[in-house]
Amino acid sequence: LLVASVCLGLAFASSQAQPGEWHPALDSDARGPCPMMNTLANHGFLHRDGLNLTQDHVIKALGDGLNFDTSLAKTMFEMALPANPDPNATWFTLDQLNRHNILEHDASLSRLDAYYGSNHLFNPSVFASSKAFWTSSVLSAQMLANSKLARQIDSRAYNPTYTFTSTMEQFSLGELAAPIIAFGNSTEGTADRALVEYFFENERLPIELGWAKKEEKVTLQDILRAVQHIREATNLITGNSTRHTGSSHATRDLHF
Ligand code: HEM
Ligand code: MG
């Protein structure tokens, strides 16, 4: 009897994935340009087929997978809803996130610009070009910002359809802050490089590297703090100018 129930158990486990258990997407599953939404679907926190993502469902998934608080998850859902072309929609799908220049934008860290090919499949060579700027095992906001700026310069130089509106800039700052939120420290503005790379490359939570979701709820405040680190680090002007010495008169910086 014991043998029979163990066998039954194994058969059940292989056909019926448990919530949290990671499985790669099937060809028929909808996936998109967001490495974290894909990851949450691969773990079954979001519907594994990537479809019918309603507000309640997204709130539960971001809570179970990453300990995001309800109001943060609700805000993110509301920002995502325009991905569904139906103005009265109450859900979206992961592949609707692929619609170019709606939420998806050029100069992603790990995806090609739509002009060159798939704007949603993980692209190892694009990601390698971003990782080249991640020069320490603890990522600083500046390293993350450098990879973003490099991707923008590359796109602006070579992609004749390069588009980057101020709304896209706001989303992009949030996406750069995301690794800090999930795999780092939003007060310090740092993230663990090994965890971030594992996540991007496998679309899997880096549990086997020792990661666990935050014990404290993640709030909008945490996001805003991390975004501010990225925003400041995106500025190319260095902090202390050595050009001006002597008088600290305010007009010294007006160049007539
Ligand atoms: C990128 C949607 C939550 C991490 C994106 C993109 C979309 C998107 C449309 C593509 C932008 C581009 O062109 O690069 C969403 C939606 C979310 C969500 C609808 C929830 C409702 C999250 C969370 C995280 C995250 C919770 C991590 C904590 C990222 C990262 C990127 C990204 C790192 C940039 C990928 C790259 O540059 O290659 N997301 N996202 N997202 N998202 Fe999400
Ligand atoms: Mg993109």
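**Reading the fold and the ligand shell**

Analyst: Let us begin with contacts in this predicted model. Among contacts in the protein between residues at least 6 apart in sequence, 54% join residues at least 24 apart.

User: How many helices and strands does the protein have, and what pattern do they follow along the sequence?

Analyst: One counts the elements and then reads their order. The protein has 9 helices and 5 strands. Along the sequence, their pattern is α-α-β-α-α-β-α-β-α-α-β-β-α-α.

User: What share of the residues is buried?

Analyst: A residue counts as buried if 20 or more other C-beta atoms lie within 10 Å of its own. In this protein, buried residues make up 35% of the 256 residues.

User: Which residues does the UniProt domain annotation cover?

Analyst: An annotation comes from a record and can be set beside the model. The unreviewed UniProt entry assigns "domain: Heme haloperoxidase family profile" to residues 18-225. That span is 44% helix and 6% strand, and its end C-alpha atoms lie 34 Å apart.

User: How should I read the surroundings of ligand 1, and which residues are closest?

Analyst: One lists the neighbours, then asks which elements supply them. Ligand 1 is surrounded by 24 residues, the closest being Cys-34, Met-36, Ala-80, Ser-108 and Ala-178. Two or more residues of the shell come from each of helix H2 (35-42), helix H3 (55-66), helix H4 (70-80) and helix H7 (166-183). H7 gives the most, with 5 residues.

Key: Residues are numbered from 1 along each chain as its sequence is written. Chains are lettered from A and ligands numbered from 1 in the order in which they are written. This is a predicted model: local features need pLDDT of at least 70, side-chain atom pairs count only at pLDDT 80 or more; totals for chains, interfaces and linings use all residues. A residue is near a molecule or strand if its C-beta atom, placed from the backbone, lies within 6 Å of it. Helices (H or I, at least four residues) and strands (E, at least two) are DSSP runs, numbered from the N terminus. A residue is buried if 20 or more other C-beta atoms lie within 10 Å of its own, exposed if 12 or fewer, and partly exposed in between; C-beta atoms are placed from the backbone. Two residues are in contact if their C-beta atoms, placed from the backbone, lie within 7 Å. UniProt positions are given in the numbering used here, feature names are shortened, and annotations may be inferred rather than shown by experiment.
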